[in-house]
Amino acid sequence: VGALSGDNGLWLGMVLMEAAASEELGPVQLAAVLATTLDERLRPNAFVAYSPSPEVLELVHILADRAGALQQAQFEYGLAFPVALETGTCGLVEAWASGTEWSELV
């Protein structure tokens, strides 16, 4: 955990706390959830053939509410740290973390 870093440490902490509270989340799903915190948006014409698991989607749904609340609180205090929650590549990350060969992913 000490090696994780990002533009918004509070947001990463919130994500990790929610992930720790989920009994259904394994290391593979955690990798996918953490991938959503990267501010990497897919190009509009990009296609990803891998979808995230229901466990990942459930946690992302919970995190969406938390992200909105954090953004609002930051705005009220004049802070502008990013609160990224982008699901575009999390299915791909989950497949890679579960052992799918890179040659199959691309």
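Reply: What follows goes through the helix packing, one contact at a time. The model is predicted.

Two packed helices are described by the angle between their axes and the distance between the axes. Both values are given below for each pair.

Start with H2, which spans residues 27-35, and H3, which spans residues 54-76. Their axes come within 10 Å. The crossing angle is roughly 40°. Angles under 35 degrees would count as roughly parallel, so H2 is oblique to H3. The crossing of the two is right-handed. Which residues make the contact of H2 and H3? From H2 come Gln29, Ala32 and Val33. From H3 come Glu55, Val56, Leu59 and Leu63. Sorted by class, this contact of H2 with H3 holds 5 nonpolar residues, 1 polar and 1 charged.

Helix H1, residues 9-21, packs with H2 at about 155°. The axes of H1 and H2 are 11 Å apart. An angle over 145 degrees counts as roughly antiparallel, so that is how H1 lies to H2. H1 also passes H2 in a right-handed crossing. On the H1 side, the residues are Val15, Leu16 and Ala19. They meet Leu30, Val33 and Leu34 of H2. By class, the contact of H1 with H2 has 6 nonpolar residues, no polar and no charged. Val33 of H2 takes part here, and Val33 is also in the contact with H3.

Which residues of H4 are buried? They are Cys90, Gly91, Glu94 and Ala95. These residues cover an arc of only 140° around the axis, so they sit on the same side of H4. Their cover includes H2, H3 and helix H5, residues 102-105. After H4 comes Gly99. The phi of Gly99 is positive, near 110°.

Is Gln74 buried or exposed? Its relative accessibility is 7%, so Gln74 counts as buried. What does Gln74 contact, leaving aside neighbours within four places in sequence? The partners are Asn8, Leu79, Phe81 and Val83.

How values were computed:
Residues are numbered from 1 along each chain as its sequence is written. This is a predicted model: local features need pLDDT of at least 70, side-chain atom pairs count only at pLDDT 80 or more; totals for chains, interfaces and linings use all residues. Side-chain values use heavy atoms; hydrogens and water are left out. Axes are lines fitted to C-alpha atoms, for helices over the stretch in contact, and angles run from 0 to 180 degrees between N-to-C directions. Helices (H or I, at least four residues) and strands (E, at least two) are DSSP runs, numbered from the N terminus. Angles under 35 degrees count as roughly parallel, over 145 as roughly antiparallel, 65 to 115 as roughly perpendicular and the rest as oblique. A crossing is left-handed if the near helix is turned anticlockwise from the far one by less than a right angle, and right-handed if clockwise. Contact means heavy atoms within 4.5 Å. Ala, Val, Leu, Ile, Met, Phe, Trp, Tyr, Cys and Pro count as nonpolar, Asp, Glu, Lys and Arg as charged, and the others, Gly among them, as polar. Buried means under 20% relative accessible area, exposed over 50%, partly exposed in between (1.4 Å probe, protein chains only). The arc is that of the directions from the helix axis to the C-beta atoms.
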